[in-house]
Amino acid sequence: MEYKIKKTKAPGRDEVELLGATFEEGKPEGEDMGKWRQKLDSREERLKYLENGERYFYSQEWFGSEKRKNPA
Amino acid sequence: MAEEKETKSIDQGTLELIEKAAKEGVNTTFDRAESIKACPIGSVGSCCKHCGMGPCRVPLPKGKEETPEDKKKRRGVCGATAETIAARNFIRMIAGGAAAHSDHGRGVAELFLEVAKGGAPGYEIKDEQKLLQVALDLGVEIGERSNNEIAADIGRIALGEYGKQAGELITLRKAPLKRQELWRKLGVAPRGIDREIVEIMHRTHIGVDQDYKSLLKQGVRTALADGWGGSLMATDLQDILFGTPAPILGQANLGVLEEGEVNIIIHGHEPLLSEMIVTVAQEPEMIKLAKSKGAKGINLSGMCCTANEILMRHGVPIAGNFLQQELAIVTGAVDAMVVDVQCIMQSVQTVAECYHTKIITTSPKARIPGATHVEFDEHDALKSAREIVKTAIENFPNRKGNIHIPDNKTDQIAGFSHETINYLLGGMFRASYRPLNDNIINGRIRGVAGVVGCNNARTKHNEAHITMVKELIKNDVLVLTTGCNAIACAEAGLLVPEAAKQFAGKGLAEVCETVGIPPVLHMGSCVDNSRILIAATAMVKDGGLGDDISDLPVAGAAPEWMSEKAISIGQYFVASGVYTVFGVTWPTTGSKEVTDYLFKDMEEMLGGMWAFEPDPIKAAHLMIAHIDKKRKALGIDQARERVLYDMDMRRELDAV
Ligand code: SF4
């Protein structure tokens, strides 16, 4: 997944990098419709997604509602 | 006559074909359900035939309260009480259901291992993401290893879970921590999948376990081995091989059949062969062959859970659910019906003999006399698939005329796996269940219901499914669906986003509109009920709705259940903390003690319990009442007014 980075001038600072839109523009059609998983294209990205997106099950730090009492 | 016909289905096309069958002298399940009365003693669990001294029938006295003397007499020749008999019958149903799901899972695991070893050409690891996910679940090393190396370890561990003798199933660790502790404390954490099923068969043999509570506890353990073991593994490994479902557009109902094309219906449960048939049916040589026989092309469609599997991954249309299988053949336009295992009526063959349809059995475990058998060989699956598709094409010129395909098909969106729901709610950068939990907490969504299960020829086809689901969504309950309920919902037009506006309550409709989802989410086939367990766990883990599934404002139902698999599913939902309502009939009412244990005591023990209510509106209200009870316990029953504080109000607060 490629990040869209925009460079811009900020008051009191030199150029800063801003993260652009992280959604995809337009409406996916045909083969691609709904196939969100294909956007992850390396093993590293996939593992990162699991740790973050599926943090309920795969993050070291996240135990959600269970964090308060019983870290696994 | 017209009125009598109306009692059989809520679906117009189904009624047209029931009438066509009657005119053509074809006997169907709808006729047999009328001519065969269910045995009143067996149906309430009061008949035992576990030994050669029986069958022993121990019915409740007719038309009067049972006296203590009557009760003493209600025993089998061996002395087994009505309680023991009802509990034995009930858990043997669980054993049957758990065995069916789990043997399906075992078949997938065997193929999976072959694929990893390169011994199953045509198959491949399609979803690396899910592979890594399952590797983490099972503790398989990832590192720089190839997908096939990782998959080989996963396959071996998965197969090992079936024959494991001690310890507990690895996948139980996916459940909320509190739930896992409860299972351990109660001694119901399953050791190995096969072991628990075998132990039911042992305990229910004459003269073994004769304490109904102890029997029912083993039922819980075995059902857990199904839901959190065999079924979950079937779902996960299928996702790795064929792709984790994502939203996809498809169509449903008998109208998906095409008069001018070679119609092949794939019916049953396992996606192993059907995936290959989907590939082969698109091959140019096959299409050319079909055209050479006078057809315009090849039209694949599915039936029952195989339909759900290929719909979710390829958008292949669904021709119908359980009670529509014979009727599809009655159209006169089905050139082949390919079947594997589970929920296939033997009568599809006798109906097929009245038309030109070829029934093709493919599993060595499921043969039907008179049918053509093309055994599925995983080592050369494409060859098996080509033979099947060719047989169908060659049968096209044998059609006998008098074709009637009802003009009914609806659009549907399927493919809501747990992973996809998580992604849809939060996006790629912060996939999350938070928006769902927040909307439950703020009351826009009242709760979540899993409505699943079969059709039952003893009730009007699809009526209870649709009435219940409509009542739930009208009351702002988001519905997750699988199996034949999902197909019924598709046929009734409930699986499209527009249905939210038309049928859902204001709060649920708002959420559906914002996220762009239907009010009823199709999560897959019956082994995919494990996806509902994982979704419920994610809701717990996200926080704000308690610490366990039993704290969540959720409920489950199977309004038209009939199979042993449904009982196993219901029991693992209950054992996971879900209030679960079944319709049609209840198989333990011959024993008040056993029924009370399932309907009341299980709540104290497991936080979830069974209920029976054949009226779908009343059943939906029971579910809503339970959801409200849980909302109250969580303190989210009152809508809290949100007040925006201005500076003066804040100063006032500070002064206090
Ligand atoms: S096991 Fe007991 S109750 Fe069952 S058939 Fe034999 S004698 Fe009758």
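Predicted model: local features only at pLDDT ≥ 70, side-chain atom pairs only at ≥ 80, totals over all residues.
**Entry 1: chain A in outline**

I started with chain A. I counted 2 helices and 2 strands in its secondary structure. Read from the N terminus, the order of elements is β-β-α-α. I then looked up burial. Of the 72 residues in chain A, 28% are buried. Next I took the contacts between residues at least 6 apart in sequence. In chain A, 8% of these join residues at least 24 apart.

**Entry 2: strand β12 of chain B**

I moved to chain B and picked strand β12, residues 477-482. How many of its residues are buried? I found 6 of 6, so the strand is mostly covered by the buried cut-off of under 20% relative accessible area. I sorted the side chains by direction. V477(B), V479(B) and T481(B) point one way from β12(B). L478(B), L480(B) and T482(B) point the other way. Both sets are buried. The general rule is that side chains in a regular strand alternate between the two faces of the sheet.

**Entry 3: the neighbours of β12**

Which strands pair with β12(B)? I found β11(B), residues 447-451, joined to β12(B) by 5 bridges. These two run parallel. Within this pair, I noted G447(B) opposite V477(B). I also found β13(B), residues 520-524, joined to β12(B) by 4 bridges. This pair is parallel as well. Here T481(B) has H522(B) of β13(B) as its bridge partner.

I followed the chain between β11(B) and β12(B). Helix α19(B), residues 463-474, belongs to this unit. Together, β11(B), α19(B) and β12(B) form a β-α-β unit, and its hand is right.

**Entry 4**

I turned to β7(B), residues 336-339, and β8(B), residues 358-361. They run parallel and share 4 bridges. V338(B) sits opposite I360(B) of β8(B). Through which helix does the chain cross from β7(B) to β8(B)? I traced the path through α15(B), residues 347-354. This β-α-β crossover is right-handed.

I then checked β8(B) against β9(B), residues 372-373. I found 2 bridges between them, and they run parallel. T361(B) has H373(B) in β9(B) as its bridge partner.

**Entry 5: helix α5 against helix α24**

I looked next at how α5(B), residues 82-116, packs on α24(B), residues 564-575. The angle is about 95°, and the axes lie 7 Å apart. Are these helices roughly parallel or roughly perpendicular? The range for roughly perpendicular is 65 to 115 degrees, so α5(B) is roughly perpendicular to α24(B).

I listed the residues that meet. On the α5(B) side they include F90(B), M93(B), I94(B) and H101(B). On the α24(B) side they include E564(B), K565(B), I567(B) and Q571(B). By class, I noted 7 nonpolar, 5 polar and 3 charged residues in this contact.

**Entry 6: A80 of chain B**

Why does A80(B) count as buried? Its relative accessibility is 4%, and the cut-off is under 20%.

I looked up what A80(B) touches. Leaving out residues up to four places away in sequence, the contacts are R74(B), R75(B), I85(B) and R88(B). I also took the distance from A80(B) to S35(B). They are 45 residues apart in sequence. In space they are 33 Å apart, C-alpha to C-alpha.

Conventions. Residues numbered from 1 in each chain as written. Chains lettered and ligands numbered in written order. Heavy atoms only, no water. Axes fitted to C-alpha atoms, helices over the stretch in contact; angles between N-to-C directions. Parallel < 35°, antiparallel > 145°, perpendicular 65-115°, else oblique. Contact = heavy atoms within 4.5 Å. Nonpolar A, V, L, I, M, F, W, Y, C, P; charged D, E, K, R; others polar. Buried < 20%, exposed > 50% of the residue type's maximum accessible area, 1.4 Å probe, protein only. Pairing = 2+ DSSP bridges. Right-handed = clockwise from strand over helix to strand, strands pointing away.
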